[in-house]
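Look at the structure below and follow the explanation from one part to the next.

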Amino acid sequence: AGGENPHHNELRSLAERVAGDAGANALKLRRAGVSLLGSKSSPEDVVTAADRETETLIRQLIQEARPDDAFLGEEGGSSSGSSGLTWIVDPIDGTVNYLYDIPAWAVSIAVVEGDPDPGTWRLLAGAILVPSLGEIYSAALGGGATLNGKPIKALEAPNLSLSLVATGFTYSSERRTGQTAILNGLISSVRDIRRSGSAALDLCSVASGRVNAYYESYVNPWDHAAGSIIAREAGAVVGGFDGNSEGYDLLIAAPPATYARLEEALKPLYGDASIL
Ligand code: IPD
Ligand code: CA
Ligand code: CA
Ligand code: CA
């Protein structure tokens, strides 16, 4: 926190501009038809030509503007830098939605200071564009979070049973078994579950109050870096169990009281599923 910072605001503007250009291009590609390149970790884990082209474009635009910064992207683009800042990018979050032409896919761009690891990094700014919906979410450290320029705020529910909770599943079928066991234990305690297919969008939905909470396991830095700063600047807590920071094992995002209730409900379920 600590109020507005012109440097963070500049980074936020760059993230917004690059997300805008990359998202417009990805939408144009989608309208021309998707070309599937193959799959990664499993047959469900697909990658399209647009994923790769969008990451390349984002990388070029960022490197033109800030040649000394490092870069880390889902589709393998990584380069080191000398400034201490790293751009963490998911060119298309929600690739399966993109493939099926479901509007819930997003371009996610964040910039962090320090090692690109959620345990130690300092998130400085992030932007998430949802091209099909014409929505851009962004935040800067200490500068608040906005949707299309208007401030947004995470929404508490009065109790867990009136909380709408978003979640997602990884591509590994073995791990999905544990994740669905947890979901099965949780569903009767909450208002309902949403599975949007984009972790970035789920975090934006926490930030804007479209859901009360989000949790997921096995999410990578590019899935949640931008969404985490947007959710935090909108008043949400983002972390793991017991005050730990968010990580690959678990990420929970919700405004404080809802977070505490969801954490309490999830802990025994994670214990039984032995995910943590
Ligand atoms: C996926 C989405 C999905 C989440 C998966 C992610 P991708 O990212 O964010 O919502 O449940 O864990 O891998 O592959 O579409 O960029
Ligand atoms: Ca992703
Ligand atoms: Ca992706
Ligand atoms: Ca992917």
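The C-alpha centres of domain 1 and domain 2 are 21 Å apart in this predicted model. The domain assignment of the protein chain places domain 1 at residues 6-151 and domain 2 at residues 160-273.

Where the two domains meet, 39 residues of domain 1 are in contact with 26 residues of domain 2. On the side of domain 1 that touches domain 2, at least two residues each come from strand 3 (70-73), strand 5 (85-93), helix 3 (95-100), strand 6 (106-113), strand 7 (122-130), strand 8 (135-140) and strand 9 (144-147). Strand 7 gives the most to this side, with 6 residues. By class, this side of domain 1 has 23 nonpolar, 11 polar and 5 charged residues.

The next topic is a pair of helices. Two packed helices are described by the distance between their axes and the angle between those axes. For helix 4 (residues 173-186) and helix 7 (residues 256-273), the axes come within 9 Å and cross at roughly 145°. The crossing of helix 4 with helix 7 is right-handed. Helix 4 makes the contact through Gly178, Ala181, Ile182, Gly185 and Leu186, while helix 7 uses Ala265, Leu266, Leu269, Tyr270 and Ala273. This contact of helix 4 with helix 7 has 8 nonpolar and 2 polar residues, and no charged ones.

Last comes the chain as a whole. The protein chain has 7 helices and 15 strands. Along the principal axes, its C-alpha atoms fill a box of roughly 50 × 45 × 30 Å. What radius of gyration would a compact globule with 276 residues have? The value would be near 19 Å, and the 18 Å of the protein chain agrees with this.

Key:
Residues numbered from 1 in each chain as written. Chains lettered and ligands numbered in written order. Predicted model: local features only at pLDDT ≥ 70, side-chain atom pairs only at ≥ 80, totals over all residues. Axes fitted to C-alpha atoms, helices over the stretch in contact; angles between N-to-C directions. Helix = DSSP H or I, 4+ residues; strand = E, 2+ residues; numbered from the N terminus. Left-handed = near helix turned anticlockwise from the far one by under 90°. Contact = placed C-beta atoms within 7 Å. Nonpolar A, V, L, I, M, F, W, Y, C, P; charged D, E, K, R; others polar. Rg over C-alpha atoms; globule rule 2.2 N^0.38 Å. Domains from an automatic or database assignment.
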